[in-house]
Amino acid sequence: MRQRLKEGWDITARHKHVVVILFLYRLLWGFFIYRFIDSVVTPVLARYPNEHPNSDAAHLFLIEAQFRLLKTDLLHEFLWMLGGMLLLRMVLTPLLNAGVFYSFHHSSEGEGTQVLNGIRGAWKPVVLLYWLESGFLLLPAAWLLPMAKERFFTEPSLTNWLQGLLPYAAAWLLYGLIVHLAFQFMQFGAVSREGIPKSLGLALRRAFPLLGVTFALLGIGLAVSAAAWAISLLWSGFLAVTLHQAFHFVRSLLKIWTSAAQYQVWRDSEA
């Protein structure tokens with residue numbers, strides 16, 4: 001496993017500009033999502049009677065906010081815009097994946113990165129697989145959400161409701177991890193022309209090494225997250241903001257490193 005992590009890091013180092021692009025992509029996406037939600041939430045919260053708060057004023061604020069959200073077109077426009085932004089993300093993300101995975105496959109040829117060639121040549125199967133993966137990930141929600149809604153009205157307290165949902169949430173996370181890794185291998189097969197069914201079989205046969213490198217880098221990511229969280233509690237101001245943005249860069253680096261290490265598992269299996 002250590003060798004695959006090292007080889008994955010070497011691939012990541014050759015794709016350092018991709019790490020920067022991914023960091024900027026996530027930064028801009030988070031900024032626009034924040035500004036979009038802020039444009040809807042702030043006008044509603046601005047009506048809160050903070051100068052002379054009392055129970056009647058707060059109750060009137062809640063009634064007015066409910067009316068604006070449910071009886072006007074505000075919520076409809078918000079949902080349509082949010083759905084459009086999510087659809088745009090579901091198009092851009094697999095395009096980046098296609099370019100990065102294709103470049104991984106050709107990284108040993110000594111011709112530099114080939115992200116743009118990968119986007120042009122392998123975007124169709126990768127986009128299709130990404131959308132299928134999203135569908136499989138959301139499939140349990142068709143059963144879990146109605147069940148959670150029913151339990152919400154029958155459980156005696158919110159704590160009991162959350163505790164009852166924890167096993168289902170953990171199972172959903174485990175299911176999502178398995179689905180993601182299987183589709184990751186299929187995307188590797190798509191960009192390399194080795195075949196999607198063959199790569200799915202490789203994922204099943206190499207499940208333990210694949211899970212090993214995934215959990216190892218997940219542990220590194222959790223350690224970095226814990227360190228960033230601890231620093232944010234101790235420091236404040238401009239330094240805290242700078243470290244917070246640097247943490248997003250580290251997340252992008254770990255994302256590329258994880259995919260590169262998983263690709264090494266696939267390449268060893270394919271070889």
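Visitor: Which helix is glutamine 184 found in?
Guide: Keep in mind that we're looking at a predicted model. Helix α7 covers residues 158-192. Glutamine 184 is found in that helix, α7.

Visitor: Is glutamine 184 buried or exposed?
Guide: Let's go by its relative accessible area, which is 4%. Buried means under 20%. Because its value is 4%, glutamine 184 counts as buried.

Visitor: Which residues does glutamine 184 touch, not counting those up to four places away in sequence?
Guide: Here we skip the residues up to four places away in sequence. What glutamine 184 then touches is Phe101, Ser259 and Gln262.

Visitor: How far apart are the C-alpha atoms of glutamine 184 and serine 199?
Guide: Along the chain, these two are 15 residues apart. Glutamine 184 sits in α7, while serine 199 lies in helix α8, residues 196-205. Between their C-alpha atoms, the separation is 9.1 Å.

Visitor: Which residue has its backbone oxygen 3.5 Å from a polar atom of the side chain of serine 199?
Guide: Start with what serine 199 is in contact with, leaving aside neighbours within four places in sequence: Phe185, Met186, Gly189 and Trp266. The backbone oxygen at 3.5 Å from a polar atom of the serine 199 side chain belongs to phenylalanine 185.

Visitor: Back to α7: how do helices α6 and α7 run relative to each other, roughly parallel or roughly antiparallel?
Guide: The axes of α6 (residues 141-152) and α7 come within 10 Å and cross at roughly 170 degrees. Angles over 145 degrees count as roughly antiparallel. The two helices are therefore roughly antiparallel.

Visitor: How many nonpolar residues are there in the contact of α6 with α7?
Guide: On the α6 side you'll find Trp143, Leu144 and Met147, among others, and they meet α7 residues including Trp161, Leu165 and Tyr168. By class, the contact has one charged residue, one polar residue and, for the nonpolar ones, eleven.

Visitor: Zooming out, how many helices does the chain have?
Guide: Reading along the sequence, you get the pattern α-α-α-α-α-α-α-α-α-α. There are zero strands, and the number of helices is ten.

Methods:
Residues are numbered from 1 along each chain as its sequence is written. This is a predicted model: local features need pLDDT of at least 70, side-chain atom pairs count only at pLDDT 80 or more; totals for chains, interfaces and linings use all residues. Side-chain values use heavy atoms; hydrogens and water are left out. Helices (H or I, at least four residues) and strands (E, at least two) are DSSP runs, numbered from the N terminus. Axes are lines fitted to C-alpha atoms, for helices over the stretch in contact, and angles run from 0 to 180 degrees between N-to-C directions. Angles under 35 degrees count as roughly parallel, over 145 as roughly antiparallel, 65 to 115 as roughly perpendicular and the rest as oblique. Contact means heavy atoms within 4.5 Å. Ala, Val, Leu, Ile, Met, Phe, Trp, Tyr, Cys and Pro count as nonpolar, Asp, Glu, Lys and Arg as charged, and the others, Gly among them, as polar. A polar contact is a pair of N or O atoms within 3.5 Å; within protein, one must be able to donate a hydrogen and the other to accept it, and residues adjacent in sequence count only if both atoms are side-chain atoms. Buried means under 20% relative accessible area, exposed over 50%, partly exposed in between (1.4 Å probe, protein chains only).
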